Amino acid sequence: MKFFVKFFGYLFGIGTVLFLIVAAGIWMYLSEMGKDLPDYTALKNYEPPVMTRVHAANGQLMAEYARERRLFLPIQAVPDVLKQAYISAEDKNFYNHFGIDPEGIARAVVAFVQNYGSGRRPQGASTITQQVAKNFLLTNELSIERKIKEAVLALRIEQTFTKPEILELYLNEIYLGLGAYGVAAAALVYFDKSVHELTIAEAAYLAALPKAPNNYHPFKYTDAAIARRNWVIDRMVENGYVAVEAGEKAKATPLEVTPRTRGSHLFASEYFSEEVRRTLAEMYGEDRLYEGGLSVRSTLDPEMQELARKTLMDGLIEFDRRRGGWRGPVEKIDLGAGDWGEKLAEVKSLSDVPEWTLAVVLSVNGREAEIGLRPERLVSGALSTDRMRGVIPFDAMKWARVRGRSPDSPDDVLSPGDVVYVKKQEGPAASYYELMQVPKVSGALVALDPYTGRVLAMSGGFSFAESEFNRATQAYRQPGSSFKPFIYAAALDNGYTPSSVVLDAPLEISQGPGLETWRPQNYGGKFYGPSTLRTGIELSRNVMTVRLAQDMGMPLVAEYAKRFGIYDNMLPVLSMSLGAGETTVLRLTTAYATIANGGRKLEPTLIDRIQDRYGKTIYKHDQRICDACMAETWDGQPEPELEDNREQVLDPMTAYQITSMMEGVVQRGTATKVQAVGRPVAGKTGTTNDEKDAWFVGFTPNLAVGVFVGYDTPKPMGRGATGGQVAAPIFTEFVKEALADEPPVEFRVPEGLQLIPINRRTGLRASAGAPGTILEAFKPGTAPPDEYSIIGFQDEIGIPRDVSPDAGRAVLTGTGGLY
């Protein structure tokens, strides 16, 4: 007996020594390995890449920008059902273990022995803490050494972080497929929901994804996805998180995934969103844009934006139909080989013009064309098996002139196999389709608040899907006569009055050695003798404008152009007075808005406010000062007043004078079509040489709008394609609809201005009510003249000639002897 006791004591001693040796070796190995482990304490300052989100002025989501689609969600904001789903699926002992789960390890070892040699991937035994260690600090390498490092780090993480903190790191970092990182982004990407709206079945599906998102793709492997989801639900029931009845009901639920779109989320906002994206990239750099989690509140008015898109598109289509004719089908397909629907689906269409659809012409007869409509794509991305058909009546394609003449029958325009755009219309008896065509001419529209510079709507072309080039901000075009108001504003700011008279007569200007003499012409080629400044701007007299700029000096004009932000460094040459420089729609509209607000310098903006990932405001556009706005309570103090610290770039009285003169452009001048707006409007048309550019820029007391129409590669649009005929109708339709719910408001007359009746043609004082009399605005110390001082009409020694009223009347009503 003693022998056995000694023997077992001897074995126990040897075993103890061996255990201590092994334990010491393991401790030394782990200590050595621990020296090279990453610094897990850095997780305290975890800032994952988070997507930037842009919202419209009313809070609607416009766009999301990210390299990894992730929204960081504090653990307190994660609903219990989602936490319970992940714990059940990934680590049921999460709240009880110390970083590694011995039960899970034993289970994995048994499975490894059973599957040894089968080629199967070893079963994982990683806890959520180990997954945090791997995802944040290690690689995905399959090796014993990496698993040991993972376990060591998990033990250390458990000593440093609380369980909720570890779970927060995990739920915000994991990749869940379809480009989504973290549960908040996954809820949006898969179900277009907030995490708080998820059902048990939806939460369970998200919890099924971490192991292998591609293996449980909702459309490619639907059965596997549902099976894995139901397995998670069973584990939730088993762990007591979900009642048996609720679990069975959740398992019977179909997997209804509705993938969220990327890019722009707000209809018609693509050009605006892209401009915001470029602005953010310039302000903060690409990394912060795509990873910084910025929250951006833009200035966009969604309703006004849709209206801007529609009115511009309608105007471009109308011009294209009137001037362009039919340019043929988008593509041609062979109807005799296979399913026409599949072939039609392969033709690229304009994704941002949902009113139109592609169709293939199946047959043509004397009255109509039968068409097959492009099949829809299902949520899964598969093509629908439905094949819808329709007809294009001859009346709905008569606009399509071919070789300069109207068609006589449908087969003059279409033939079987033609792929064309169509738009559904409702007829008195049945619906039908109208033939459509993407216009070659393009354009832009900008609408902004003249008092703040907030851009309310911006349409940079017919279709963003067709061309991402933004003609509102990126296209530099000649403004033509729409630049003239700033010539006249400079004159009114420097001693001239609206009744000052300029000679409209032939003018020759030497441009230097070797260059031809410049002889500016009015549109139409006529000259009209002495005319007031008001008449010059209302009727857009080119020669008068050049003569006025010559009298003032072009350096003064260049200074005003820079002051208003139209050009950065304008050449002080006389041709520039007729808008020969290049600017953008946004810059010119902002300059007009500066006149509208009484001469305060404006900085146009598409962004109201930017917050960082923590909610701290890091940028706001409104820089006005309000010291009293920070009061926490009201104790009878007066209402706070904002101190407007913006630069005054134009005398408010001058601003009203030029506004009144531009009202005359609408009432009597080159933009009488704009009277259809039905409220006070001031504005100016612009047309460049050979009708390559057509403009109308104008404003009401509370809205400034600029419209441009022209080909991307400048070329003549055709005789009569002026700003008044092409751009002004688009402006009119937009402003009429945009302000339909607001009462008309008159332009405010600054205090101190005198309104004096004058003869509109002569500029001389007149009796109120006399024919041709208008009320003209004069600054203090100025008044209508008693005799002419005609700018440009000089005697032999170069001094401006004064003309008596009688002589003036003879000049204006006689034979034009001044020529």
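This is a predicted model: local features need pLDDT of at least 70, side-chain atom pairs count only at pLDDT 80 or more; totals for chains, interfaces and linings use all residues.
The ring centres of tryptophan 356 and tyrosine 421 lie 5.5 Å apart with their planes at 55°, so the pair is tilted. Because tryptophan 356 belongs to strand 7 (residues 356-364) and tyrosine 421 to strand 10, the pair ties together parts that are 65 residues apart in sequence.

The structure holds 17 aromatic pairs. One of them joins tryptophan 326 to tryptophan 399 in an edge-to-face arrangement, 6.0 Å from centre to centre and with 75° between the planes. This pair links distant parts of the chain, 73 residues apart, since tryptophan 326 is found in the loop between helix 12 (302-323) and strand 6 (331-332), and tryptophan 399 in the loop between strand 9 (389-393) and strand 10 (418-426). Both tryptophan 326 and tryptophan 399 are buried. Elsewhere, ring pairs connect Phe483, Phe486, Phe564, Tyr567 and Tyr592 into a cluster.

Aromatic rings also meet charged side chains. Lysine 163 lies over the face of phenylalanine 94, at 4.6 Å from the ring centre, while arginine 541 lies over the face of tyrosine 528, at 3.9 Å from the ring centre.

Side chains of opposite charge can pair when their charged atoms come close. The model contains 39 salt bridges, among them the one in which the side chains of arginine 668 and glutamate 538 meet, with 2.6 Å from N to O. Arginine 668 lies in the loop between helix 19 (652-667) and strand 18 (682-687), whereas glutamate 538 lies in helix 15, so this pair ties together parts that are 130 residues apart in sequence. Arginine 668 is partly exposed at 29% relative accessibility, but glutamate 538 is buried, with a relative accessible area of 2%. Salt bridges that share partners also join Glu274, Glu275, Arg277 and Arg278 into one network. Within helix 11 (residues 270-291), glutamate 275 and arginine 278 are three residues apart and therefore separated by about one helical turn; their side chains meet in a salt bridge of 2.4 Å, N to O, and both residues are buried. Lysine 398 forms a salt bridge with aspartate 395, the closest N and O atoms being 3.3 Å apart; here lysine 398 is partly exposed at 43% and aspartate 395 is exposed at 60%.

Helix 15 (residues 533-538) also contains arginine 534, which counts as buried at 3% relative accessibility. Leaving out residues up to four places away in sequence, arginine 534 touches Pro498, Ser660, Met661, Gly664, Arg668, Ile774 and Glu776.

Strand 22 (residues 773-778) includes leucine 775, which is exposed, with a relative accessible area of 52%. Together with Val749 and Leu755, Leu775 makes a nonpolar surface patch of about 250 Å².

Finally, isoleucine 200 lies in helix 8 (residues 200-207) and is partly exposed, with a relative accessible area of 24%. Apart from neighbours within four places in sequence, isoleucine 200 is in contact with Val81, Val242, Ala246 and Ala250. The C-alpha atoms of isoleucine 200 and alanine 85 are separated by 8.2 Å, although these residues are 115 apart along the chain.

Notes. Residues are numbered from 1 along each chain as its sequence is written. Side-chain values use heavy atoms; hydrogens and water are left out. Helices (H or I, at least four residues) and strands (E, at least two) are DSSP runs, numbered from the N terminus. Buried means under 20% relative accessible area, exposed over 50%, partly exposed in between (1.4 Å probe, protein chains only). Contact means heavy atoms within 4.5 Å. Patches are made of residues with over 30% relative accessible area and no salt bridge: like charges are joined within 9 Å, nonpolar side chains (Val, Leu, Ile, Met, Phe, Trp, Tyr) within 5 Å. Accessible areas come from the Shrake-Rupley method with a 1.4 Å probe; for residues, only the protein chains shown count as cover. A salt bridge is a side-chain nitrogen of Lys or Arg within 4 Å of a carboxyl oxygen of Asp or Glu. Rings of Phe, Tyr and Trp (its six-membered ring) pair if their centres lie within 6.5 Å; planes under 30 degrees apart count as stacked, over 60 as edge-to-face and the rest as tilted. A charge sits over a ring if NZ of Lys or CZ of Arg is within 6 Å of the ring centre and within 35 degrees of the ring normal.
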